[in-house]
Amino acid sequence: MYRFYINNIDDDYHFMELARVFLPDDSFETIAYGGRPVAHLLGSDSYFVNEKGSNDREKIKREFYELLSGITGMRPPWGTLTGVRPLKPALEICRESSVDEMERIIKDRYLMSAPKASLLADIADYQIRNVTGVPWEKVSMYIGIPFCPTRCAYCSFASNVAPAEEHEVYLKNLLKEISYAGRLAEENRTELESIYIGGGTPTTLSSAQLDRLIGSVSDAFSIDPAALEFTVEAGRPDTITKEKLDTLKRLGISRISINPQSMKDRTLKLIGRDHSADDIREGFRIARETGFDVINADLIAGLPEENEDDFEASLREMIDLGAENITVHTLSVKRGSRLRENDPAYFRHNAETVSNMLDLSREMLSAAGYRPYYIYRQKHQIGALENVGWCLPGKHSIYNIRIMEDRQTIIGLGAGAVGKVYHPDEDRLERIANVSNYKIYSERFDEMISRKNEYYK
Ligand code: SF4
């Protein structure tokens with residue numbers, strides 16, 4: 001067991017997170033320490049960090065990174081940056097300096113690799129040029145549909161395989177919650193900037209149910225879905241029918257998401273999908289024929305048994321199918337997923353392969369005219385790498401940008417929805433979560449309703 005005594009810090013949380021990038025959770029301890037090193041504390045696997053007692057947190061983190069790197073031989077590319085929103089510090093620097101200057105500063109400040117610093121610079125440049133408006137003047141809204149046809153091996157979302165009768169019970173309550181939230185929004189003159197229906201897989205609902213759901217949002221919030229950014233995830237191709245997509249299109253939905261994750265049949269089987277790559281091709285064909293402005297496709301780098309060639313083939317096909325947005329995720333193996341249960345250290349394998357896949361994605365997508373426009377990281381991602389949203393110029397999703405900026409209120413409705421209220425005067429967010437289990441959501445429905453009042457306190 002390694003012990004790291006870190007001098008002159010109040011809280012060891014970020015140091016623990018940094019150590020986790022290099023070492024298994026149960027192999028080390030980080031200890032916030034004050035004073036001179038005491039000889040009896042420092043055994044063979046014990047280290048003292050920041051002996052000179054610096055107050056510069058970033059400097060201490062750099063020292064700690066170098067120590068961990070010396071022990072393990074690793075140099076994780078994000079350097080000392082462990083947060084889930086790496087663009088935030090980059091944009092803060094851009095408020096005072098140019099994007100080029102920011103790229104240089106973050107490389108030194110966080111010991112970040114040159115390719116990651118340049119990726120952040122590309123994203124910052126895209127957002128600065130293309131995303132305008134003061135986010136806190138408007139709000140966005142997320143609605144959760146916690147049902148899927150089967151459960152994927154890596155899933156840790158609020159997603160359930162449930163009979164159709166339970167979809168209906170859930171939907172009835174959700175419509176009441178939408179109507180209540182709409183009344184509050186009207187009373188408070190809240191204007192919506194974007195709406196995202198996710199889950200789960202919203203298109204698990206029938207065409208008639210989708211009609212009622214979107215109709216109720218339009219009525220409750222007095223909006224025309226075609227007049228704002230309104231996305232519906234149609235993630236699983238085995239839920240897509242022409243009838244459902246026609247309904248979405250007729251109601252004014254302009255953006256949908258079809259999420260192959262991989263175009264390799266064996267992988268789809270391994271991750272617990274009940275459909276083939278041909279079903280994904282058919283889903284795209286129907287969506288194109290229906291005529292949506294933007295189709296997003298999610299891919300995952302690091303799926304079981306996949307190599308660089310498999311990933312390249314999937315990405316090539318998404319580019320050739322003309323997806324306007326392609327989101328490249330690094331596999332995250334969280335608690336509650338089957339993959340994690342089978343192999344708790346899964347996310348520590350294949351870092352080099354996944355890193356090659358991400359390099360490949362940058363090369364191929366840039367060559368095909370896509371731009372990176374948002375980024376986030378998650379815990380337990382292979383190699384502590386990242387997820388990047390790519391878009392054809394002008395086809396970005398404002399919802400995805402707002403959710404990462406943390407400077408806008410997001411109203412969360414339905415099971416598993418986590419909303420947040422932004423307080424611009426204090427630049428502070430307050431989290432307001434619904435319960436994630438859809439049965440408990442219905443049982444505690446009155447409480448879910450009353451939580452909506454908290455958005456307007
Ligand atoms: S499609 Fe998404 S939400 Fe549904 S089971 Fe798979 S990972 Fe979970």
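**Exercise 1: two helices in contact**

Work out how helix α3 packs against helix α5.

Step 1. Helix α3 (residues 87-96) and helix α5 (residues 114-130) pack at about 60°, their axes 10 Å apart; helices are DSSP runs of H or I with at least four residues, strands are runs of E with at least two, and both are numbered from the N terminus. Axes are lines fitted to C-alpha atoms, for helices over the stretch in contact, and angles run from 0 to 180 degrees between N-to-C directions.

Step 2. On the α3 side, Leu87, Ala90, Leu91 and Cys94 make the contact, and on the α5 side Leu120, Ile123, Ala124 and Ile128 (in contact means C-beta atoms, placed from the backbone, within 7 Å).

Step 3. These residues divide into 8 nonpolar, no polar and no charged (Ala, Val, Leu, Ile, Met, Phe, Trp, Tyr, Cys and Pro count as nonpolar, Asp, Glu, Lys and Arg as charged, and the others, Gly among them, as polar).

A word on the model: it is predicted, with local features needing pLDDT of at least 70 and side-chain atom pairs counting only at pLDDT 80 or more, while totals for chains, interfaces and linings use all residues. Residues are numbered from 1 along each chain as its sequence is written.

**Exercise 2: another partner for α3**

Describe the packing of α3 and α4.

Step 1. Helix α4 (residues 99-110) meets α3 at about 130°, with the axes 9 Å apart. That makes α3 oblique to α4 (under 35 degrees is roughly parallel, over 145 roughly antiparallel, 65 to 115 roughly perpendicular and the rest oblique).

Step 2. Pro89, Ala90, Ile93 and Cys94 of α3 touch Val99, Met102, Ile105 and Ile106 of α4. Here the division is 8 nonpolar, no polar and no charged.

**Exercise 3: a parallel sheet**

In what order do the 3 strands of the open sheet run?

Step 1. The order is β2-β1-β3, with parallel pairing (two strands pair if DSSP finds at least two bridges between them).

Step 2. β2 (28-33) and β3 (46-49) each have a single partner strand, so one side of each lacks a neighbour in the sheet.

Step 3. β1 (residues 2-7) pairs with β2 over 6 bridges, and Asn7 has Tyr33 in β2 as its bridge partner.

**Exercise 4: a hairpin**

Which strands form a hairpin with 4 residues between them?

Step 1. They are β13 and β14, and Asp427 in the turn has a positive phi of about 50°.

Step 2. β13 (residues 418-423) and β14 (residues 428-433) pair in the antiparallel sense over 6 bridges. Lys420 stands opposite Arg431 in β14.

Terms used
Two residues are in contact if their C-beta atoms, placed from the backbone, lie within 7 Å.
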